[in-house]
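Dear colleague,

I am passing on the structure below, and I would be glad if you looked through it before reading the notes that follow.

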There are 2 protein chains.
Amino acid sequence: MELLYFITQEEGENLKEYLYNFLKKQTNFEDKLIREIMEEIQLETHDKGTVLLKQGEISNKCYFILKGCIRQYSILEDGKATTTNFFTEEESVVLFNSYLNKGTSDYYLSCVEDVVLLVGDLEAEESMYTKYPEVEKITRIMLQKSFGESQDSIAEFMSSTPEQRYLNLLKKRPGLMERVPQHQLASYLGMTPESLSRIKKRLFKDI
Amino acid sequence: MELLYFITQEEGENLKEYLYNFLKKQTNFEDKLIREIMEEIQLETHDKGTVLLKQGEISNKCYFILKGCIRQYSILEDGKATTTNFFTEEESVVLFNSYLNKGTSDYYLSCVEDVVLLVGDLEAEESMYTKYPEVEKITRIMLQKSFGESQDSIAEFMSSTPEQRYLNLLKKRPGLMERVPQHQLASYLGMTPESLSRIKKRLFKDI
């Protein structure tokens, strides 16, 4: 496990343990394989506010979040920013269209909190699959799961009012509300910050 | 290649050729492997209007469209139908959340046109991967591509007005407009049929 940015030894040990437990939970890999894979994994830490990718650049990295929160957003022609996703622990962050085709990204990726990330690129990914076919299988399975969640998110967004979206998010990802700026959350839900504030007041007025 | 429903021998031959060419184009598999895979593939044909899956049922099949168009939609609590996707040739139709977890589906799948489909289920899929690891790789790659398209669709939907969505769809999938009923198209774009009609009139008044 190569640490690309500085974290304390204790933090490093905790992360190794966390990563080991995560791989153990997600896979039925033997200990030896898990340890081998961990040797090849690259970790990055970034401070809150860091922009990992700018709109218009090529996204040549894939990430998996061990700690922290990343925001995906676009700046539209009228200069308005639209938040299109928030990613948190145990989620992959890959802008596949740009990543696979080496095309320019339609999105920014920025750190809403300090983050600890597993980092890969196409070459590292391919070499991992060749070396460990079990990793290709588990990647395929994790992709199908994430794709399923994404399918449901888009369908839900399309068929809900902003207020329903807020309630759904509160149910599905209750922790997220406290972690991200409210104007970004409003944009993600497809409403103005004022509407979000009104909805929250109405919903929680008796609590 | 097993034909589960009746199609003429000539149609069958044409489809075999089409499928052979498709696999040849998508993969670098040798002829022998392609022929072996084709032996294991199951085909279904369904008439326009057929409901392949009802909301509340478990989706235990995955499809790949060789011909035709499938609509994904939900009936909401207020009785309103919301179209959340249209799938056409060379697209996979898998409601992963229901398919992988054997949970009930939030969606209907129905045939907007007569369809010819490749059909699989979890068991057939797993046995295919075990027998042909190359298929697992190509599945992973196709999943990443589709996931990328889905990521862009949701981001685009979130950051566009209904009129922009219409124009984007016209650019990306021009053929779709002619193939699906306009009230379903309007629902898919997040607008009323009247708004869609108004937008089209405005855009095409000088043509």
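Predicted model: local features only at pLDDT ≥ 70, side-chain atom pairs only at ≥ 80, totals over all residues.

Residues are numbered from 1 along each chain as its sequence is written, chains are lettered from A and ligands numbered from 1 in the order in which they are written, and side-chain values use heavy atoms, with hydrogens and water left out.

On the side of chain B that touches chain A, the elements giving two or more residues are strand S6 (81–87), helix H3 (96–101), helix H4 (122–131) and helix H5 (133–159) of chain B; helices (H or I, at least four residues) and strands (E, at least two) are DSSP runs, numbered from the N terminus. H5(B) gives the most to this side, with 19 residues.

The contact (heavy atoms within 4.5 Å) takes 33 residues from chain B and 34 residues from chain A. About 3,400 Å² is buried between the two chains, and carbon and sulfur atoms give 62% of that area; buried area here is the accessible area (1.4 Å probe) that two parts lose on being put together, summed over both. Gln144(B), Phe147(B) and Met158(B) supply 20% of what chain B buries against chain A, more than any other three residues.

Between chain B and chain A the count is ten salt bridges, each a side-chain nitrogen of Lys or Arg within 4 Å of a carboxyl oxygen of Asp or Glu. In one of these, the side chains of Glu125(A) and Arg140(B) meet at 3.9 Å, N to O.

As for the arrangement of the copies, chain B can be laid on chain A with an RMSD of 0.0 Å by a turn of 180 degrees and a shift of 0.0 Å along the axis, the superposition being by least squares on the C-alpha atoms of residues with pLDDT of at least 70 in both. The two copies are thus related as by a two-fold rotation axis.

With best wishes
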